[in-house]
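Thanks for making time this morning.

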Amino acid sequence: MKKSALCIAMVLASFTLATAQKSNVNKASNMLITEPINYEEARSLIAAAKENPETANDAKTWYVAGRIGYQQAYAQRNVYYLGQPFDATLAGQGLDEMFQNYVEADSRDGVPDKKGRIKYKQRKKIQGDFKDMLDFYSIVGSFLYQEAKYNEAYTAFYEYSKIMDLPMFTDNEKDAIKVDSLYNESKYFAALSAIQAGNNDEGIKLLEEVTKTDYKNNIGVYVLLSEQYLFVKSDSAKYENLLAEAIDRYPSSPELIGTLVNYYVNSGAYDKAVTYLDALIANDPENIEYLGVKAELLTQQADFETAKDILNKALASKQGDAYLTFLLGRTWAFEGDHIQEEAMDFTDNDKYNEAMAKAKECYATALNYFETAHPIMDKADSRYMDLLQNMKVLYLRMENTDKYNEIDAEMKAMEESQQQ
């Protein structure tokens, strides 16, 4: 064969191969509108087109590849909407396939026109598909998490947040779809999933990003993040700094204050715990959470008189405060326990009886405070059940069966209500 003829043959062969690959893209696209969809064949056709130089950089190739994943997820979503069990794994695979390929498609899309303006061929369709499936990403992530498929759950939650950050939704304000609360929540759940999957570094990175926002559950985020540094990274200094930072942002959070103070106490750093609380109180002397935590700490150290003095002074300015009233009752109850425990070592019956009578007086005083707090404490307060439990124990010790049964019935009713 002459050289010119050989060249023509090679060009024709190349043209034929390129044409065949474009045909494969169209064929795969058409397969997605014919039921039942042969996903395996469609993916095979697209895989070949991705490898061919003539179609590998064509945005349509990647769009069709993403559309395969969209259709797979869409089918599972229909099952979910019908209230029937759906395959979260299949749905997650489809959503991931959709995300990965649509991002690639958009990076290859966009051609400048004669005036230099970028014109997109696939973007509008991709935007529509992402908007259509956005909520399903978080739904699928939740199901995968419940199934303990944490890596897959992480992917679904993470991609949910990444979609909102894609250029197609950030280049123009009118295209924006980000809702801060949902965006931050998806990152938080992605972090939880990553940690459960053993990818603590990724979890830490995401949690740190969330702490820079106004996410509604940031207190829990800080606690979880600090625990990662303490238990995974063995970085106690970072643990303390994170909790201190969180308390500075959320100074009325008993969870944060209690967590850090308990850490100091459990570490044997009692003086550090008290010093830390005193510094907080000096800056905010009216903060009942700080005063309450210090009183509880002193109670645990059997310094009952100082604890009662703090609570009585706080109540003088915060009359009728259910939380402080409950704490004062508990301080008296703990003092009664302490006296009773010491009495067990007495060999002198008179001293023993005297101590037991004194302990009973403490319990009676404690009950007076508990009974005062009972009707005024919000039942939604997490400490309300703790109040009931303390009352129940003291009524038993005071041999008040009627009151014991009354509180026991209330606790059971609350537990049943929470289970419904």
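Predicted model: local features only at pLDDT ≥ 70, side-chain atom pairs only at ≥ 80, totals over all residues.

**Helix packing around α13**

Let me start with the contact in which I257, L260, V261, Y264 and V265 of α13 meet Y270, K272, A273, Y276 and L277 of α14. Sorted by residue class, that contact comprises 9 nonpolar residues, no polar ones and 1 charged.

As a reminder, a pair of packed helices is described by the angle between the axes and by the distance between them. For α13 and α14, which spans residues 270-283, the angle is about 150° and the axes lie 7 Å apart; since angles over 145 degrees count as roughly antiparallel, the two helices are therefore roughly antiparallel to each other. Their crossing is right-handed.

Now, which helix packs with α13 at an angle of about 20°? That is α11, residues 218-232, whose axis is 10 Å from that of α13, residues 254-266, and this angle makes α11 roughly parallel to α13. On the α11 side the contact is made by I219, Y222, V223 and L230, and on the α13 side by E255, L256 and Y263, a set that divides into 6 nonpolar residues, no polar ones and 1 charged.

Finally, let me turn to Y352, which is found in helix α18, residues 349-373. With a relative accessibility of 26%, Y352 counts as partly exposed. Leaving aside residues up to four places away in sequence, Y352 touches A343, M344 and F346, while its C-alpha atom is separated by 8.7 Å from that of Q340, 12 residues apart along the chain.

How values were computed:
Residues numbered from 1 in each chain as written. Heavy atoms only, no water. Axes fitted to C-alpha atoms, helices over the stretch in contact; angles between N-to-C directions. Helix = DSSP H or I, 4+ residues; strand = E, 2+ residues; numbered from the N terminus. Parallel < 35°, antiparallel > 145°, perpendicular 65-115°, else oblique. Contact = heavy atoms within 4.5 Å. Nonpolar A, V, L, I, M, F, W, Y, C, P; charged D, E, K, R; others polar. Buried < 20%, exposed > 50% of the residue type's maximum accessible area, 1.4 Å probe, protein only. Left-handed = near helix turned anticlockwise from the far one by under 90°.
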